[in-house]
Structure formats: C-alpha cells, structure tokens
Amino acid sequence: MPVAQTASTADFTVPDLLQRGTPMIKVSGRKQTNVVCKLDPDQGQIIWESKKHRIIPIENIKELRTASDGRYYREQFQIPQECENRWLTIIYTLDGNWKLWHVIAPSVDVFQMWDSTLRKLYAIRQALMCGLGNNYLREAVWEKQYWKAADEQADQKLFFEDVEKLCRLLNVNPSREDLGRRFKQADVQKRGFLDFNDFKRFVKLLKARPEVERLYKKFCSFGEGSFSYRAFEHFMRVHQKSNAHVDDLQRLFLRYATSSSGNDAPKAVQLPTDVFLNDQPDEASSMPNGASPEDLTTATLSLESFTAFLLSTDNSAFTDQDRSIHHDMTRPLPDYYISSSHNTYLVGHQLVGDSTIEGYIRALLHSCRSVELDIYDGDREPVVYHGKTLTTKVSLREVCEAIAKYAFAVSPYPVIISAEVHCGIQQQDMMASIMHEAFGEALVSAPVYGRPKLEALPSPEDLKGRVLLKTKNLYVSENEEMQPNVISVDADSSTTSTETSTDGEMLSELKHDLSKVRRGFSEAKQEITRPRKGLRLRSPSNSVPSAEKVKVRMSMSLVSMLVYTVGVKCRGINKKEHYAPEHMFSLSESTANKMFKRDGMHDLIKHNRTHLVRLYPKGTRVSSTNYEPHRYWSAGIQLVAINWQTSDLGYVINHAMFQRNGRSGYVLKPLAIRSQDKALLSKRTRHYLDITVISAQQLPLPKDAHGREVIDKSACNPYVEVSVHFPDWGLCSSPPVSTSGLQVSSRTSGVRNNGFNPVWEEALSLPFEVVGDMRELVFVRFAVREDGDDEKEALAVHCVSLACLREGFRHLPLYDAHVSQYLFSTLFVHVNLRDGTI
C-alpha cells in the first residue's frame, strides 16, 4: 500500500538498533545475500554494504510492501510462506530508474521496528514534498542532514576547512575572505570551530535573501516605513492580484504579523525532525501571534514574517494547492479529460521490455484512471504482453488483482480498463471469470439482452468506486445490431499498427523510426533485427495473413461486461454515421493527425461532446516516447494515453494537467469544447506571459547511480529557461501547422559559481495565442539548466497549467526530470499575464 500514513504529532525517536544496523537477508532473482542494514535518520537514508556502499534516500521511496502485500515477489522468488511476516519490499527511484529492494528481517520484532520507523520517517519527508509549506520542519531537516554530512569526524565540531568543504557540497563558492567573515560571525564564543547552534547561525547567514529584503523595503514605503496592514493590502491587491474578501485578508495578515508591543518578529516553533506535520496546520498557525484583530492598525510584518509568508502555502503559485476536488463531477463522462496510460504493463521498451504489474501500480498511485491490457492465450490462463514482440508476459490474474488493490487508493472515481482481447473463446470466458473474481461488485456488467437504451453516459460521481471494461464488441455491426455468433473482424490494434496499415507499410515505418533511436537501443536493435520474422504482422490466429478476414467467436460473458464503454471501429465522423452514447472508438496518433489535416477539429470536438474517444501513440514509438497531449485535448479527446515509463515533455505536461482537481484523474474540459455555442471556438486572443526570474534556493546537485551527490570541482553556472507550450489551435480557419504543440521560450543569463542561491532578477516576456479562453491547455515550464550544457537534462523543472498559475511574487517548488519534488529547492519568480492584440 502507499507509504505515507496519517501520523500523530507525538515525538518519535529512531531506535538505536536500527541506527547501528540489523542483519537482513537481501533477496534478488539471482541470489540471497546476508547484509547489515542501517537507518540514518538525519541523512534520511537506508544504508547497506555489498560490493559497494549502497543507499536508498528515504524521499525516493515510492511504496513499502510488507507481509502479504509483498507476496507477489516472495512467491516469484520461491521464498517460503513462513517468511511472509518478516518480508519487506521497497519500491524506490534512483538515477531516474525504478528499483526494487527485497529483504527478510531476522525476527518479527525487528521487522515491525523497520516497518513502523520507515513509514514515520517517510511521512516527514512526504510532508515536505507536497509543494510549499512546513518551512520550519524543512529547515530543521536541512540543518540535521547537512550538519551530519559536514561533521565527518562526528565530534560535533566544524572547523573552517569543514565549512569550506560544505560550501562546495552546497554548490556555493564565496571568496575565502567572505566565508571567513561569516564563519567568525557564527563563532560567537570565538573557539575556532562551530558547534550545532553556531552552525545554525552560519546557515542563516549563508541563506540570507538580499532580493527579498529589497522587496520588503520597497513595500514598507506604502506603510509609512513599516510593513503595516496598509502595505500588506497594497501588496496583495496590486502585486498578488488577490480578490480575497477584506476579512480574509485581515486574518491572513494577522497570522504572520506581530503587534507593536510584541517582539520584532514572531518566533518560529522549533520542530524536531521526528515530528510529523501530516495533520498539522500551516506554519503560520504554529507561529505565536502577538497580533490580535484590535491590533490591526499597529501590527506589522517583519522581514522574517514576510519571507515566511512568501514561502508558505498561503502564497502558493498553484491554485489547486489544497488538493480538493472542486470540479463538478456530476456531468456525463465525455465532459472530462481522463488520465490514461498506454501499454501500462510495460516499464521500458515497446519491443523488448518487461511486462509487469508494477506499471499498473505506479500509474494507479498517480491517479491514472484508464489502464491498458493486451490479452492473449496463455498456457493455463490468459496472459498480458505486447503481442508480436519480444516483451515478457505477465498473468492476467496478477494484473487484475493489482488493479483491484490499487484502483481507488488515491482517487475514488471510476477506472476504465482498455483491453485488446486476442484470446480464443475458452480463455475469453476465463478472462471474464478472473475479472469478476478480482473486482467483485465494483465491476460494471449487465445482461446482454433487454438493456434500456442509453440517452447519455453516466457521470464520474455516478460511477464512484466502479471498474469499467472497454474492448471491441465484435457483435456490434455498422447497424448496431447483434449478429450471429461467428462474425468477421479486422485486426486493427494498438499493439501492432498505427491504423489499417499493410505489413510492408508498417515495417517501412518501423525501420524509419528505429534508425532514429539506434544509438540508444543497440541491444534492442540486435533483438529486433536478428529474428526478423518475429516482427512480421500476423492475424490474431497467428496463421492466416492479416489481409484476410478471420472467423472469431466472442464470449457472451465478455460482452456482458461492455456497458458504458463498448468498443467499436471508427467508421468516420459525419452525418451518415451514428454511434450510440456507449460506443467508444480508439484512434492512433497518426490517424488523429490525418483527421486534423483533412477535416480540422470541429467534427471531432462535436463528436466528443457526447462520446468517449481514446487516443494511443503510433506503433513506431518503439522507445516509448510520448506525443504532446494538449494538442489532442484541444480536440476534446478524453483519454489521451501516455507512456508513463518515459519522463519526457509529453509526460510532464500530462502530469501537470492531472495535478488539478485534487489529483483525482478527472479534469473538467474547458467550456468552449463542451458547449454547443460555436462562437466560443471562433474567439482567438493573444497574450503575453511576463516572468521575472528573481532567484533560486538550494539547487540540487546531480547524483550518481548509487544516489550519492556528485561534488564536481567546477562550480555550477545556472540559468533559467521559461517556455510556454500551447496547441496549434487548428480550429478557426487554417489547418494545423504541426503534428505537435507550439512553444515559445526565453532564458536568463547564467549566474557564475553559485548553484546554492543564485540571483538573476531578469525579466522575460513570452507571447502566445489562445482559442476559446482555453488557458487550461496552455502549459508553462520552468527549467533550471547548467550554462554550456544545454543538451543535458535540466537540473530542476516546474510545469503548470496556465489556468492554475497565480500572478504575483511566488515560490515554485522544483522537481527532477521525473517530476519528484526536491526537498529544499525553489525558484522565486514574479508572474504577470497581459493581453495583446492579433
């Protein structure tokens, strides 16, 4: 199950036994090894020794599976049942890769100690990885972590040489004179070294924010020399564009202010690293207020209070920061974008990757609401894999059990299983039986005959907690009537082709795509080119050429599970073709692009107001790359399936879209493509996004494959690139100009020798166009890069839908390329949106 748990605020201490280390048996597919595992609470790491020093950063943990939750792998490794109550599986990421770590504890007591302690430590880190907020806890964790890293002798003393080394670790390179001055300021007892309290003073000096101090002094001028409520109201109304009620604004001010009779600044509650904030209020409410409502005219904000406010969730740049589900969830399903996954069972390459249940678990835990199954006859029961490729196979039963377990762990709204069924009639019956067993009452099904005619599809609210199956109903003809039990079927499938291509066309396209990725996939190339006939397209029976029609029977038990998502072939979108509300077809990326070029998007938008459509990547994306989904969202397509195993631009945009609406996996489509009012889609406007990149805080260092930070002798010279990504809006007059979205970008200059707290204070302006006021489909990406290494992966990124980006002075939490939040890194910017003319 997910790691994070609701924690109490009681103090918690990591047991000495775990800090010293306990013997464990580490299990892998090849062997079992005796290791000693330690837990370092300050560094936030699990440590063990093998041939090399190994670590698992606790913030990199994605899931803990213990006891019966880890049975899948215990049985896979043929470990006896009696070990189950001591079994621990950790799923984590390292160097951008998902990894698994399996151990058996020596006793139940030791296992329980590890299990409870890890979950509590993770809860602390998780509280810091949910956007902004928890600043005092964040500071305490940072100080502990870097104090221990600097105090290599563990003598509770840092000498000047230790501080110099720490600065290199932090990627900040002040002159020796400047560093010596700060060291002497922190060494208040003049002992020639720093203890932990001295270290905290030194860190405060190191983290000084002159750019915030300049802003503070500027806004004090509106309060006659102090940051009074008058100055705060001006700041919020004019610069932050706040429309909050005056009572709410006054309460917000008083949360951070102190009265003139109080101290100069509110004192932060000192929170140890072993206190959980999962059920705590925001940091402002934990700051003792010297100000009361009657003090409104005399209360002021100190520089410390102003900084705390800027970094708080009260000043979040993201409008959906509170994670509440606030969209109307009672509208029909076609009115929503639905978070969707392509070939969910794959965790790597499309042709030679592994098929596993992990892909389903990862997707569902990130609020994915539509997963894909490609089902084939197995030796005993149906299996899931990418047909006609060299991918491995996984049991359908195991996949369904995993879906059942995790389907509603994060979101309560319906899960749609998009299945391509290549089984014979016998294993189709098995498939139906397995799904009924796994999903029980959650599975939507109905008698095949006598169903009432649907006028419209139900809403996500109507289908809460339900699982829907979508696959092609082979009994539905073009006249939508039941046919005899033996019917004809085409073999058009996302597993083998982009549309109804011939074998030669498909292989030609495949060769062309492979030539682009040959360097990065030499192993895949060998596998693909050696047994060439392994790629030859065949019909579902694997014996008759694909050009011929194949006689296939379809299990009626399978048909009974097709209720609201009945798969049909796309026969075109025009007045002659009629689709019942439950009829749902899939389009390949290539087919959709051809439709856009030929007919524009209007017909598809109209169809998608009342029907569900799924889009999947073209078959030649063998390295699991992604398209940019907002192009297809602009046509109203609800289920735009993404390769979740690839963290490219398409994945990042998809992630940004579904951070909205409480991360429920359902986002209400813009009014312009839901409404029948054609005038909305004819409205085209031009805008400018003005971004002032002010500064960054504690930029991350690159890490090696073992999770250790790489300390390079050459200093970091960071710059910030801001890009706006928007659809080509092929809606008004001209056809689409590209097969992806459009983008404009601009960058700052580089700041030399400072990756810790660089200051730019540079203004950028980015023009873009919007149709129908659909700002939800415009995405803004901030990327912090190393000057001179433009081709390398960004040091840190932040991507957000423009509709969710607040204007004003904001701190953006920064993420790695795989959209995992860094604990301590932020980007301070000013955002302004202004209208232009076309």
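Leaving aside its neighbours within four places in sequence, which residues is Leu827 in contact with?

## The surroundings of Leu827

This report describes a predicted model. Once the neighbours within four places in sequence are set aside, Leu827 is in contact with Val693, Ser695, Ala696, Gln697, Val720, Trp760, Phe782, Arg810, His811, Leu812 and Leu814.

## The nonpolar cores

Leu827 belongs to the largest nonpolar core, which has 124 residues. Within that core, Leu827 and Leu373 touch the most other members. Another core lies apart from it and holds 54 residues, including Ile58, Trp114, Ile124 and Val141. In soluble globular proteins, nonpolar side chains tend to be buried together.

## Helices H8 and H11

Helix H8 covers residues 210-220, and helix H11 covers residues 303-310. The two pack at an angle of about 110°, and their axes are 10 Å apart. Angles from 65 to 115 degrees count as roughly perpendicular, and H8 and H11 are therefore roughly perpendicular to each other.

On the H8 side, the contact is made by Val212, Glu213, Leu215, Tyr216 and Phe219. On the H11 side, Leu303, Phe306, Thr307 and Leu310 take part.

## Helix H12

Helix H12 runs over residues 358-365. Eight of its eight residues are buried, so H12 is largely enclosed by the rest of the structure. The buried residues of H12 are Glu358, Gly359, Tyr360, Ile361, Arg362, Ala363, Leu364 and Leu365. After H12 comes Ser367, which has a positive phi, near 70°.

## Asp115 in helix H3

Asp115 is part of helix H3, which spans residues 108-127. Is Asp115 buried or exposed? A residue counts as buried when its relative accessible area is under 20%. The relative accessibility of Asp115 is 16%, and Asp115 therefore counts as buried. With neighbours within four places in sequence left aside, Asp115 is in contact with Leu64 and Thr66.

## Cysteines

How many disulfides does the structure hold? The structure holds zero disulfides. Cys220 has a relative accessibility of 7% and so counts as buried. Cys716 also counts as buried, because its relative accessibility is 7%.

Key
Residues numbered from 1 in each chain as written. Predicted model: local features only at pLDDT ≥ 70, side-chain atom pairs only at ≥ 80, totals over all residues. Heavy atoms only, no water. Disulfide = S-S within 2.5 Å. Buried < 20%, exposed > 50% of the residue type's maximum accessible area, 1.4 Å probe, protein only. Core = buried A, V, L, I, M, F, W, Y, C linked by side-chain atoms within 4.5 Å. Contact = heavy atoms within 4.5 Å. Axes fitted to C-alpha atoms, helices over the stretch in contact; angles between N-to-C directions. Helix = DSSP H or I, 4+ residues; strand = E, 2+ residues; numbered from the N terminus. Parallel < 35°, antiparallel > 145°, perpendicular 65-115°, else oblique.
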